Amino acid sequence: HRVKLDDHAIATSLQSLNTGADVPWTIEGGKLHKTFQFRNFSEAFGFMTRAALEAESMDHHPEWFNVYKTVRVDLATHDVGGLTELDFELATRMEAISRDRIF
Ligand code: H2B
């Protein structure tokens with residue numbers, strides 16, 4: 001649902017997203033950000049591969065940057081120039097994938 005969230009909705013969504021998280025998601029430059037650290041490149045790229053397929057199925061795509069075992073993720077909804085429920089949904093799915101180290 002690409003409806004722009006206001007500051008209060010963002011704060012509420014961020015709090016539930018970060019419940020139980022090791023490293024919290026933050027808001028950086030208006031985008032939903034997290035830097036993931038994996039054990040090696042295989043885990044990092046495995047995460048990206050699985051997240052890419054989720055993103056495609058949602059028609060909601062990440063901005064991300066990978067160097068070796070680090071993946072920086074920034075989520076925003078470009079169509080509305082802000083954050084929407086889709087960003088928090090994709091973040092939730094990425095969080096689950098990142099905890100599921102199958103490699
Ligand atoms: N992804 C993200 N992150 N933001 C968008 O606004 C967006 C998208 N829009 N993926 C979608 C694609 C849109 O361009 C297509 C036409 O549905």
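This is a predicted model: local features need pLDDT of at least 70, side-chain atom pairs count only at pLDDT 80 or more; totals for chains, interfaces and linings use all residues.
Residues are numbered from 1 along each chain as its sequence is written, and side-chain values use heavy atoms, with hydrogens and water left out. Helices (H or I, at least four residues) and strands (E, at least two) are DSSP runs, numbered from the N terminus. A polar contact is a pair of N or O atoms within 3.5 Å; within protein, one must be able to donate a hydrogen and the other to accept it, and residues adjacent in sequence count only if both atoms are side-chain atoms.

Helix 2 has 18 residues, and its first and last C-alpha atoms are 25 Å apart, close to the 26 Å expected at 1.5 Å a residue; the expected span is 1.5 Å times one less than the number of residues. Its buried residues (under 20% relative accessible area, with exposed meaning over 50% and partly exposed in between, for a 1.4 Å probe and protein chains only) are Glu 43, Ala 44, Gly 46, Phe 47, Met 48, Ala 51, Ala 55 and Met 58. An α-helix has 3.6 residues a turn, so residues three or four places apart point the same way. The buried residues of helix 2 pack against strand 2, strand 3, strand 4 and helix 3. Phe 45, also in helix 2, is partly exposed, with a relative accessible area of 44%. The C-alpha atom of Phe 45 is separated by 13 Å from that of Asp 100, which is 55 residues away along the chain.

Leu 86, Asp 87, Phe 88, Leu 90, Ala 91, Met 94, Glu 95, Ile 97 and Ser 98 are the buried residues of helix 3. The cover over these residues includes helix 1 (7–18), strand 2 (31–37), helix 2 (41–58), strand 3 (63–67) and strand 4 (70–75).

Strand 2 contains Lys 34, which is buried, with a relative accessible area of 3%. Beyond its neighbours within four places in sequence, Lys 34 is in contact (heavy atoms within 4.5 Å) with Asp 22, Val 23, Pro 24, Trp 25, Val 71, Arg 72, Val 73 and Glu 95. A polar atom of the Lys 34 side chain lies 2.9 Å from the backbone oxygen of Val 23. Pro 24 and Trp 25 are also touched by Asn 18, when residues up to four places away in sequence are not counted. Asn 18 lies in helix 1 and, at 19% relative accessibility, counts as buried.

Most residues other than glycine have a negative phi, and most peptide bonds are trans. Tyr 68, in the loop between strand 3 and strand 4, has a positive phi of about 50° although it is not a glycine; at 52% relative accessibility, Tyr 68 counts as exposed. Asp 59 follows helix 2 and has a positive phi, near 50°. This residue, Asp 59, belongs to the loop between helix 2 and strand 3 and is partly exposed, with a relative accessible area of 47%.

Asp 59 leads on to the ligand. The residues around the ligand (those with a heavy atom within 4 Å of it) are Arg 2, Asp 59, His 60, His 61, Ala 76, Thr 77, His 78 and Asp 79. This shell divides into 1 nonpolar, 4 polar and 3 charged residues, where Ala, Val, Leu, Ile, Met, Phe, Trp, Tyr, Cys and Pro count as nonpolar, Asp, Glu, Lys and Arg as charged, and the others, Gly among them, as polar. A polar side-chain atom of Asp 59 is 2.4 Å from an oxygen atom of the ligand. A backbone N or O atom of Ala 76 lies 2.8 Å from a ligand nitrogen atom, and a polar backbone atom of His 78 is 3.1 Å from a ligand oxygen atom. The protein covers 67% of the 390 Å² of accessible area that the ligand has on its own, as given by the Shrake-Rupley method with a 1.4 Å probe; for residues, only the protein chains shown count as cover.

Within this shell, the side chains of Asp 79 and Arg 2 make a polar contact (3.5 Å). Asp 79 lies in the loop between strand 4 and helix 3 and, at 62% relative accessibility, counts as exposed.
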